[in-house]
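Below are some notes for a colleague who wants to read the side-chain interactions of this model with some care. The points are numbered so that each can be checked against the coordinates in turn.

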Amino acid sequence: MAPRVVIPVDKNWEFKQADKEDAQFLPVSQFPTNVHLDLQHHGLIPDAFIGKNELAVQAVLAFDGLDTFATVVLNGTTILETDNMFTPERVTVTEVLKEQNELVITFDSAFIRGCKLVEQYPDHKWGCWNGDTSRLAVRKAQYHWGWDWGPMLMTCGPWRPINLEIFETRLTDLNADSVVDKSLARANVKLTAAIEGKADKVKFEISLDGAQVASETADVAEGDATSVSFLVDNPALWYPIRYGKQPLYDIKATLIRGDEEVDVVSKRIGLRRAELVQRPLKDQPGTSFFFEVNNVPIYCGGSDWIPADNFIPRISPEKYYDWVKLVAEGNQFMIRVWGGGIYEEQCFYDACDELGILVWQDFMFGCGNYPTWPALLESIDREARENIKLLRHHPSIVIWAGNNEDYQYQEQNGLTYDYENKDAESWLKTDFPARYIYEKTLLDACADLIPNTYYHPGSPWGQGRDTTDATVGDIHQWNVWHGSQEKYQNFDKLVGRFVSEFGMEAFPSVKTIDAFLPLGKDDPDRYPQSSTVDFHNKADGHERRIALYLVENMRYAPDPLEQFVYCTQLMQAECLASAYRLWKREWRGPGREYCGGALVWQTNDCWPVTSWSIADYYLRPKMAYFTVKREMAPLSIGITRKVHRHPRDKYTRVNVDVKTQIEVWGSNLTLEDLTLDLVLKAWDAETGEETFSKTVAADVLLPENRSTEIVAMDVPVREQGVDEENRIVVAAYLVDKEGRQLARYVNWPEPLKYVHLQKPKELKAVLAKDNSVVEISAEVPVKGVALECEDDAVKFEDNLVDIVPGEVVTIAVTGASAESKIETRYLGMI
């Protein structure tokens with residue numbers, strides 16, 4: 001018997017407009033592809049990311065259709081009709097193939113088909129946030145209908161590869177079900193090969209770094225699957241980044257018929273023990289919500305991932321890797337694949353496996369009330385099972401969640417939900433039938449296929465309680481920016497057991513703005529409030545909200561563009577750092593894991609835009625990327641400043657004693673106890689004079705993997721009662737016995753707009769040590785010094801640092817030369 005042959009069907013594809021009689025077939029620009037990439041390639045539509053060209057592209061969408069609804073014709077015979085973007089399909093074509101073959105795929109409009117389905121089911125209570133309700137009827141990436149950070153660009157085309165397989169028998173799947181025992185001393189690995197056709201044996205192999213660990217050949221049993229189990233002693237365990245290595249075992253199944261090897265499938269797996277810990281807490285209500293890997297509790301600082309492009313086929317494996325590498329280098333432990341996008345490409349999860357990034361995986365439902373007619377439920381069940389099987393071998397995936405914010409939509413729109421009612425069939429008769437999807441269809445699929453991976457019905461969700469209940473499950477904390485629009489200094493009051501979304505908008509790099517302006521630096525719309533710049537922000541009310549948080553916190557002006565962009569990025573950086581710092585403070589050790597993680601919305605962008613991302617479409621980090629990186633360092637220090645007012649009698653509004661205190665804590669995310677000294681220094685923001693310098697706590701024990709309170713004290717001032725606290729800048733340092741500074745944080749009076757910031761006369765940012773570092777210093781306190789370089793090859797390891805007199809801050813840099821021009825920008829510069 002000949003082995004299975006896989007022939008890529010990726011050459012000589014052509015496309016044309018199906019309903020235009022005189023349309024000519026044109027060659028595609030690449031494969032896989034979509035209609036926008038091909039139309040742009042031939043100059044038939046403009047680049048949708050430039051100016052306002054998204055509007056021009058939308059006219060094409062209705063005519064050209066979408067990838068989801070496809071009719072496949074081979075040599076004049078219809079062989080397949082599809083209606084789900086996410087589900088791989090297979091069809092037998094033995095009787096249809098010829099020596100010369102013509103394969104024609106016609107795509108229908110998902111938008112129009114979705115609208116017709118909405119009309120077909122008028123009894124369903126249609127409704128959603130973002131996009132159009134027609135998206136709820138269509139199993140397609142929901143962000144294609146537009147979101148509050150992305151354009152409405154309805155792609156179509158074969159978005160993933162097509163292959164012609166020629167075989168008599170084949171392996172359809174290889175699964176590894178592994179269990180690492182509590183002692184971590186052994187792992188039981190059950191390998192299962194699923195088979196189509198007749199075969200005699202399957203040879204199973206496990207290897208590590210090229211060396212065989214185990215091997216066994218099993219007879220093919222009755223049915224379509226054959227399994228063997230291996231006991232691996234002292235397994236090489238897979239750990240999240242910083243907590244250990246990421247060894248990946250190769251598993252291989254070889255299908256044998258007679259003496260011939262007719263098919264081979266191999267995958268890479270990691271052996272690890274991963275648990276979501278939800279247990280009662282000491283001294284606070286509710287339960288914990290944190291991840292433990294190989295018995296190590298992990299504070300999951302990280303971010304939420306959206307598709308990295310509106311046109312998915314042009315995201316290369318290299319770009320996926322670069323994105324995940326950026327996350328890893330930013331001291332993030334977890335990335336959440338958001339439910340309005342796609343089940344990502346294998347190379348994305350491969351990168352997470354290799355780099356040690358934990359993955360929270362949503363199923364693809366978001367922000368709406370989804371319908372449940374029988375055929376749709378069947379399609380969803382297939383979609384879920386196929387994608388679980390495609391992804392379940394990745395050790396990085398530690399949780400699957402049913403949806404994004406659909407329970408929140410249910411609550412805010414008064415849809416029916418009775419958690420105590422466990423009659424699943426009755427849910428289908430309510431005005432929130434999607435509960436059946438999340439608590440029956442997806443739950444069953446996970447139980448059948450990945451019983452050792454935790455399934456969470458939605459995000460946010462907590463034991464059937466209100467999704468804003470901060471004592472259980474996860475929450476999306478949008479009362480900064482959305483909701484009640486709280487001050488970001490108050491994030492300590494907005495904590496949850498696990499905060500899986502929160503965020504703040506900021507403009508992207510000026511280079512990115514110049515890239516989407518049709519005339520670049522010479523464009524007349526090159527100012528913050530122009531119609532083109534506004535067009536590249538899809539958030540409702542973004543003008544008011546950006547202005548609100550800017551005007552609350554700092555002095556700024558919209559001109560020049562560069563300084564305005566800097567101010568929005570400084571604001572975002574301060575906001576997100578505040579959240580991470582205050583919430584990580586609540587990671588207080590065993591039994592007191594009051595906050596187990598924080599995932600910022602969002603990692604990335606799908607086009608050049610002003611959004612909540614911490615790195616823009618071109619992988620240019622915003623300043624918040626660096627402040628998050630510092631807050632998630634192995635060792636960090638935090639300060640919060642609190643004003644206490646005590647009236648001298650109950651009738652007075654004048655005789656009020658005011659005391660301004662600072663509270664200082666250390667966060668040790670390493671797995672060893674540390675004993676360090678706490679040094680505090682203070683300066684007058686207006687004169688630069690050092691007003692305080694003292695080791696306020698010696699031999700401070702910072703136990704492993706938690707935050708520890710160190711000291712609470714008055715802001716050090718020279719004279720009481722003269723409001724000097726509002727001009728005092730305080731810096732805290734954790735120092736070892738050799739005098740080395742291991743952690744640093746500078747605390748300022750807030751709001752910053754009240755501080756009389758001085759323009760430094762001696763601000764220096766100098767390349768040193770063979771152009772491998774930049775050394776920054778100044779004679780007065782300087783808030784938010786940003787390093788900039790026109791050369792994109794020059795990359796800074798840190799940025800947006802506060803400078804105080806008498807200290808040189810050193811930042812590593814790559815790609816610099818003696819000719820590199822390093823420039824600075826800071827608050828109050830203009």
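**Notes on side-chain contacts and burial**

1. Arg279 is partly exposed, its relative accessible area being 32%. This value, like every other one in these notes, is computed from a predicted model. The side chain of Arg279 takes part in a salt bridge with Glu593, in which the closest N and O atoms are 2.9 Å apart. Because Glu593 sits in the loop between α13 and β25 (597-600) while Arg279 sits in the loop between β15 (274-277) and β16 (290-293), the pair ties together parts that are 314 residues apart in sequence.

2. Arg592 counts as partly exposed at 30% relative accessibility, while Asp283 counts as exposed at 66%.

3. Glu501 and Arg336 form a salt bridge whose closest N and O atoms are 3.0 Å apart. Here the link is between strands, with Glu501 in β24 (residues 499-501) and Arg336 in β19, 165 residues apart. Both Glu501 and Arg336 are buried, and for Arg336 the relative accessible area is 0%, which is why this residue falls under the 20% limit for burial.

4. When neighbours within four places in sequence are left aside, the residues in contact with Arg336 include Ser303, Trp305, Trp360, Asp362, Asn404, His476, Glu501 and Trp601.

5. How many salt bridges does the model contain? The count comes to 52. Arg585, Glu586, Arg588, Lys642, Glu663 and Glu709 are linked in a network of such bridges.

6. Turning to the aromatic side chains, a search of the whole structure finds 44 aromatic pairs. One of them, formed by Trp149 and Trp338, is edge-to-face, with 5.3 Å from centre to centre and 75 degrees between the planes. Trp149 is in the loop between α3 (110-120) and β7 (163-166) and Trp338 is in the loop between β19 and α5 (346-355), so this pair ties together parts that are 189 residues apart in sequence. Both Trp149 and Trp338 are buried.

7. Trp305 and Trp323 form an aromatic pair that is edge-to-face, at 5.9 Å centre to centre and with 80 degrees between the planes. The pair links strand β18 (residues 300-305), which holds Trp305, to helix α4 (residues 317-329), which holds Trp323, and the two residues are 18 residues apart. Both Trp305 and Trp323 are buried.

8. Where does Phe365 lie, and is Phe365 buried or exposed? Phe365 is found in the loop between β20 (358-362) and α6 (374-391), and at 1% relative accessibility it counts as buried. Together with Tyr370, Tyr407, Tyr417, Tyr419, Phe432, Tyr438 and Trp461, Phe365 forms one aromatic cluster. Arg139 lies over the face of Phe365, 4.1 Å from the ring centre. Apart from neighbours within four places in sequence, the residues in contact with Phe365 include Arg139, Gly339, Ile380, Asn404, Ile437 and Leu442.

9. A charge is also placed over a ring at Phe535, where Lys538 lies over the face at 3.8 Å from the ring centre.

10. The largest nonpolar core has 222 residues, and those with the most contacts inside it are Phe204, Phe291, Phe363, Trp400, Tyr438, Phe491 and Phe502. Helix α13 (residues 561-584) supplies the largest share of this core, 14 residues. A second, separate core has 24 residues, among them Ile639, Ala682, Ala697 and Val730.

Notes
Residues numbered from 1 in each chain as written. Predicted model: local features only at pLDDT ≥ 70, side-chain atom pairs only at ≥ 80, totals over all residues. Heavy atoms only, no water. Buried < 20%, exposed > 50% of the residue type's maximum accessible area, 1.4 Å probe, protein only. Contact = heavy atoms within 4.5 Å. Phe/Tyr/Trp six-rings, centres within 6.5 Å; stacked < 30°, edge-to-face > 60°. Helix = DSSP H or I, 4+ residues; strand = E, 2+ residues; numbered from the N terminus. Lys NZ or Arg CZ within 6 Å of the ring centre and 35° of its normal. Core = buried A, V, L, I, M, F, W, Y, C linked by side-chain atoms within 4.5 Å. Salt bridge = Lys/Arg side-chain N within 4 Å of Asp/Glu carboxyl O.
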